[in-house]
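Biologist: I would like to go through the terms used for this chain. Please give the cut-off each time a term comes up.

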Amino acid sequence: MATGRNHRPATRSRGIPEATVARLPLYLRALTALSERSVPTVSSEELAAAAGVNSAKLRKDFSYLGSYGTRGVGYDVEYLVYQISRELGLTQDWPVVIVGIGNLGAALANYGGFASRGFRIAALIDADPAMAGTPVAGIPVQHADELEQIVGDNGVSIGVISTPAGAAQQVCDRLVAAGVTSILNFAPTVLSVPDGVDVRKVDLSIELQILAFHEQRKSGEDATGSSPEPAAPSVRAVTSGRKGPDGDMPAVMPA
């Protein structure tokens, strides 16, 4: 089977917009669920609802793949699974290294969904000498001193960084120098990379902060809705009950 180092996805060369690329995994997840239920065809409206997008956007996205469906029938589920998987590069073998085998790194190593989606954990790497040789998810952890050789020996083009923030940039620089061209960053820091290297950042704290924002807004809407006065209450009058550095955090923020 071909390795990721020598075979890159064709999305850029075919001019597929990045926003469409970002939605393809959503479609694939919905289609995979339909396939597992032996559903043969699906309409654009049904698939769009399952993926959380509108049907017009879905049809536009699929037009970039050259897939237009059949009027009155819809889309062939199995063919779309194959087509999207191929476009995303998931019909190939992508060896991946995970650097930083703490609690998060170990959880990623134990995630069972990688192999079924075309990603093979080629190595687990950690800077702690005491971790060397320790099996995690059946894979012995290797020391960070061997990073460059591991990347070269396994033809790795995708690296996952789950180190503390202070070590992430140095690890990133070493991965890039060794030939890694795509990085998934779980460290709470922004990485600097040269042109030609793609970085995707996953920051759980930022996602929680965004959810906190929406919760605060909902609290403010509930408080506003319960007031008999048509005018919006003042910031001082409505609070969320949460404590901030300067006291109660207002549920209705000033414009």
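Modeller: Helices (H or I, at least four residues) and strands (E, at least two) are DSSP runs, numbered from the N terminus. On that basis the chain has nine helices and eleven strands. The model is predicted, so local features need pLDDT of at least 70 and side-chain atom pairs count only at pLDDT 80 or more, while totals for chains, interfaces and linings use all residues. Residues are numbered from 1 along each chain as its sequence is written, and side-chain values use heavy atoms, with hydrogens and water left out.

Biologist: What makes Ser-38 count as exposed?

Modeller: The term exposed means over 50% relative accessible area, buried under 20%, and partly exposed in between (1.4 Å probe, protein chains only). Ser-38 has 62% relative accessibility, so Ser-38 counts as exposed. Ser-38 sits in the loop between helix 1 and strand 1 (41–42). Its phi is positive, about 60°, although Ser-38 is not a glycine.

Biologist: Why is Ala-137 called partly exposed?

Modeller: The relative accessible area of Ala-137 is 40%, so Ala-137 is partly exposed. Ala-137 lies in the loop between strand 5 and strand 6, and has a positive phi of about 55° without being a glycine. Most residues other than glycine have a negative phi.

Biologist: How many of the 255 residues count as buried?

Modeller: The share that counts as buried is 38% of the 255 residues of the chain.

Biologist: How do you know that the buried residues of helix 7 line one face?

Modeller: Helix 7 (residues 147–154) has Leu-147, Ile-150 and Val-151 buried. Seen down the axis of helix 7, its buried residues fall within an arc of 95°, so they line one face of the helix. The arc is that of the directions from the helix axis to the C-beta atoms. An α-helix has 3.6 residues a turn, so residues three or four places apart point the same way. Gln-149 and Asp-153, on the other side of helix 7, are exposed.

Biologist: What covers the buried residues of helix 7?

Modeller: The cover includes strand 3 (94–99), strand 4 (119–126), strand 6 (139–143) and helix 8 (165–178). Contact here means heavy atoms within 4.5 Å. After helix 7 comes Gly-155, with a positive phi near 60°.

Biologist: What makes strand 5 and strand 9 edge strands?

Modeller: Two strands pair if DSSP finds at least two bridges between them. Seven strands form an open sheet of mixed pairing, in the order 5-6-4-3-7-8-9. Strand 5 (135–136) and strand 9 (198–201) each pair on one side only, and are the edge strands. Strand 5 pairs with strand 6 over two bridges, in the antiparallel sense. Pro-135 stands opposite Pro-140 in strand 6.

Biologist: Why are helix 1 and helix 3 called roughly perpendicular?

Modeller: Axes are lines fitted to C-alpha atoms, for helices over the stretch in contact, and angles run from 0 to 180 degrees between N-to-C directions. Angles under 35 degrees count as roughly parallel, over 145 as roughly antiparallel, 65 to 115 as roughly perpendicular and the rest as oblique. The axes of helix 1 (residues 18–36) and helix 3 (residues 55–64) cross at roughly 105° and come within 11 Å. Helix 1 and helix 3 are therefore roughly perpendicular to each other. Thr-20, Arg-23 and Tyr-27 of helix 1 make the contact with Lys-57, Leu-58, Asp-61, Phe-62 and Tyr-64 of helix 3.
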